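Good morning, everyone, and thank you for making the time. I would like to walk you through one model, a piece at a time, so please keep the picture in view while I talk.

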Amino acid sequence: MVQEIFVRAFAKVNFGLNVLPKRDDGFHCIESIFQTVDLYDTLRISLLEEEKCVVECAAMELPSENTITKAYKEFNALTGNSKGVRVILEKGIPSGGGLGGGSSDAAALVRGMEMLCKVSLSQQQYDSIAEKTGSDVFFFMHCDKNGSGCALVSGRGEVVRDIKARKDLWLLMIFSKVHSSTKEAYALVDEAFFKGKKINSPDFSDYEFIYNKSIQEWTFINTFTPVIAEKYEIIRNAIGDLKKTGCRYAEMSGSGSTVFGVFTSKQQADLAYNSLAKAWCCKLVSTI
């Protein structure tokens, strides 16, 4: 029986992210395309005899209850597994950057547990784990066994419809030093809604069609970007510098604070990287 396994947890970006006004239950619905990119955390998962989940991460201090421990607990509840796990988490995805690192880690833990315990969960079971772990986890539970995918995502994140992924896109990511919490981002959006401020988003029914058009014709918006950029000048400057390179689409991912520009030419993306690398902490990745 295999006792140890390595699993990659890929980051996601949002192509378009329309946040709808707060619902009566206090939550927001969203409309977005999520796509994985070649930026990832690595989980080294090994089995323990005692039923517990030990997570070690040299890059950051994790709370005792986190997405990985939650996913482990729910996996055991569904499968009856009583083995414990030790997870050594190597971070490649910046924390708090709107790239879904914690959610992807949770899904990667489940994929690794399936292999170690020789079980196979249904999509309904994946969704059950996601429901108790975090909204973005739904998308990552719909990715393929390698952890890559692309989907239309709506509701609170639980409505996921897989679409064919574009593999021809290069993204230049800028990692600012801003840490914008999801709670803060939604509070700023609610304040903007209260003041009557709204930016128009394409109809969600058109998202897939727009996604497959040339980048020059993309009309996606991110509801979070104006309010976060208004508060943090560094976000405005990052988007502005990307556009100065000739980038046709530059936005923030999720609720921030990672900013990215999209290119269809590796050569153009390399030129943009070379022009910005001295001024910004940035990385060039591809869609997968």
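This is a predicted model: local features need pLDDT of at least 70, side-chain atom pairs count only at pLDDT 80 or more; totals for chains, interfaces and linings use all residues.

**A walk through the model**

Let me begin with Lys 118, which is exposed, its relative accessible area being 64%; here buried means under 20% relative accessible area, exposed over 50%, and partly exposed in between, with a 1.4 Å probe and protein chains only. Residues are numbered from 1 along each chain as its sequence is written, and side-chain values use heavy atoms, with hydrogens and water left out.

Lys 118 sits in the loop between H2 and helix H3 (123-131), where helices (H or I, at least four residues) and strands (E, at least two) are DSSP runs numbered from the N terminus. Although Lys 118 is not a glycine, its phi is positive, at about 55°. As background, most residues other than glycine have a negative phi, and most peptide bonds are trans. With that in mind, please also look at Gly 256 and Ser 257, which are joined by a cis peptide bond with omega of about 15°; Ser 257 belongs to the loop between S8 and S9.

Moving on to H3, its buried residues are Tyr 126, Ile 129 and Ala 130. Seen down the axis of H3, they fall within an arc of 100°, so they line one face of the helix; the arc is that of the directions from the helix axis to the C-beta atoms. The face of H3 turned away from that buried side carries the exposed residues Gln 124 and Glu 131. Among the elements that cover the buried residues of H3 are H1, H2 and helix H4 (137-142), where covering rests on contact, meaning heavy atoms within 4.5 Å.

Helix H1 (residues 67-79) has 13 residues, which at 1.5 Å a residue should span 18 Å, and its end C-alpha atoms are 18 Å apart, which agrees; the expected span is 1.5 Å times one less than the number of residues. The buried residues of H1 are Ile 68, Thr 69, Ala 71, Tyr 72, Glu 74, Phe 75 and Asn 76. Their cover includes strand S2 (30-48), strand S3 (53-56), strand S4 (84-90), H2 and H3.

Now to the nonpolar cores, a core being a set of buried Ala, Val, Leu, Ile, Met, Phe, Trp, Tyr and Cys residues joined through side-chain atoms within 4.5 Å. Which residues touch the most other members of the largest one? Of its 66 residues, they are Leu 43, Ile 45, Leu 109 and Ile 228. Helix H2 (residues 101-117) gives the most to this core, with eight residues. A second, separate core of 26 residues includes Ile 93, Ala 165, Ile 210 and Tyr 249.

The axes of helix H7 (residues 224-231) and helix H8 (residues 233-244) come within 5 Å and cross at roughly 115°; axes are lines fitted to C-alpha atoms, for helices over the stretch in contact, and angles run from 0 to 180 degrees between N-to-C directions.

On the H8 side, Ile 235, Ala 238, Ile 239 and Leu 242 are buried. They cover an arc of only 95° around the axis, which puts them on the same side of H8. What covers them includes strand S7 (170-174), H7, strand S8 (249-252), strand S9 (259-263) and helix H9 (266-276). After H8 comes Gly 246, whose phi is positive, near 100°.

Finally, Glu 4 lies in strand S1 (residues 4-19) and is partly exposed, with a relative accessible area of 35%. Glu 4 touches Arg 44, Ile 45, Ser 46 and Leu 116, again leaving out residues up to four places away in sequence.
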